[in-house]
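Here's a quick briefing to read alongside the coordinates.

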Amino acid sequence: MATLQELVAQKEQLEREIETTRKSEREGALNQVRTLMREYGLSVSDLTQKSPAVKTGSGKGTKVAPKYRDARTGDTWSGRGLQPKWLKAALTTGQKIEDFAL
């Protein structure tokens with residue numbers, strides 16, 4: 001069985017090899033990216049622009065156009081999530097949700 005000192009030395013050697021390999025592979029990846037950028041005439045700004053065809057994220061937190069409005073107060077609701085209090089109250093008085101549609 002190896003001693004603690006031998007294991008620590010092996011660990012240090014492995015960490016050096018890992019760092020060397022990481023740098024080498026990173027450089028290879030950068031070269032591939034540069035080659036593709038030259039081949040397709042891409043610039044750095046092309047990489048940072050958001051493409052309309054690519055959806056990013058889960059969409060959580062994005063604004064949705066309102067579908068319902070309280071004419072009295074101007075409050076709106078998108079139709080998503082819990083019904084607002086003003087709409088619930090109006091529905092309990094016999095009004096229909098279609099009365100509030102935009």
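**The quick picture**

The chain has three helices and two strands, and keep in mind that this is a predicted model. Starting from the N terminus, the elements run α-α-β-β-α. Of the 102 residues in the chain, buried ones make up 10%.

**Overall numbers**

- If you take contacts between residues at least 6 apart in sequence, 24% of them join residues at least 24 apart.
- A search of the whole structure turns up four salt bridges.

**The nonpolar core**

- Six residues make up the largest nonpolar core: Y68, W77, W86, L87, A90 and F100. Helix α3 (residues 85-92) supplies the largest share of this core, three residues.
- As a bit of background, nonpolar side chains in soluble globular proteins tend to be buried together.
- W77 sits in strand β2 and counts as buried because its relative accessible area is 10%, below the 20% cut-off.
- Setting aside neighbours within four places in sequence, W77 is in contact with P66, K67, Y68, L82, Q83, P84, W86, L87 and I97.
- W77 and F100 are 23 residues apart in sequence, and their C-alpha atoms are 9.5 Å apart in space.

**Helix α3 and its two faces**

- Which residues of α3 are buried? They are W86, L87 and A90. These residues span an arc of only 95 degrees around the axis, so they end up on the same side of α3.
- The cover over the buried residues of α3 includes β1 (68-69) and β2 (76-77).
- Turn to the face of α3 that points away from its buried side, and you'll find the exposed residues K85 and T92.
- After α3 comes G94, which has a positive phi, near 105 degrees.

**A nonpolar patch on the surface**

- L36, Y40, L42 and L47 form a nonpolar patch on the surface, and together they have about 430 Å² of accessible area.
- Y40 belongs to helix α1 (residues 4-40). Is Y40 buried or exposed? Y40 is exposed, since its relative accessible area is 58% and the cut-off for exposed is over 50%.

**Salt bridges worth a click**

- In helix α1, K11 and E15 lie four residues apart, about one turn of the helix. Their side chains meet in a salt bridge, 3.9 Å from N to O. E15 counts as partly exposed, with 44% relative accessibility.
- Helix α1 also holds R22 and E19, three residues apart, again about one turn of the helix. R22 forms a salt bridge with E19, and the closest N and O atoms are 3.0 Å apart. E19 counts as partly exposed too, at 33% relative accessibility.
- D70 and R72 form a salt bridge as well, with the closest N and O atoms 3.8 Å apart.

Terms used: Residues numbered from 1 in each chain as written. Predicted model: local features only at pLDDT ≥ 70, side-chain atom pairs only at ≥ 80, totals over all residues. Heavy atoms only, no water. Core = buried A, V, L, I, M, F, W, Y, C linked by side-chain atoms within 4.5 Å. Buried < 20%, exposed > 50% of the residue type's maximum accessible area, 1.4 Å probe, protein only. Arc of directions from axis to C-beta. Contact = heavy atoms within 4.5 Å. Patch = residues over 30% accessible without salt bridge, like charges linked within 9 Å, V, L, I, M, F, W, Y side chains within 5 Å. Areas by Shrake-Rupley, 256 points an atom, 1.4 Å probe, with all protein chains shown as cover.
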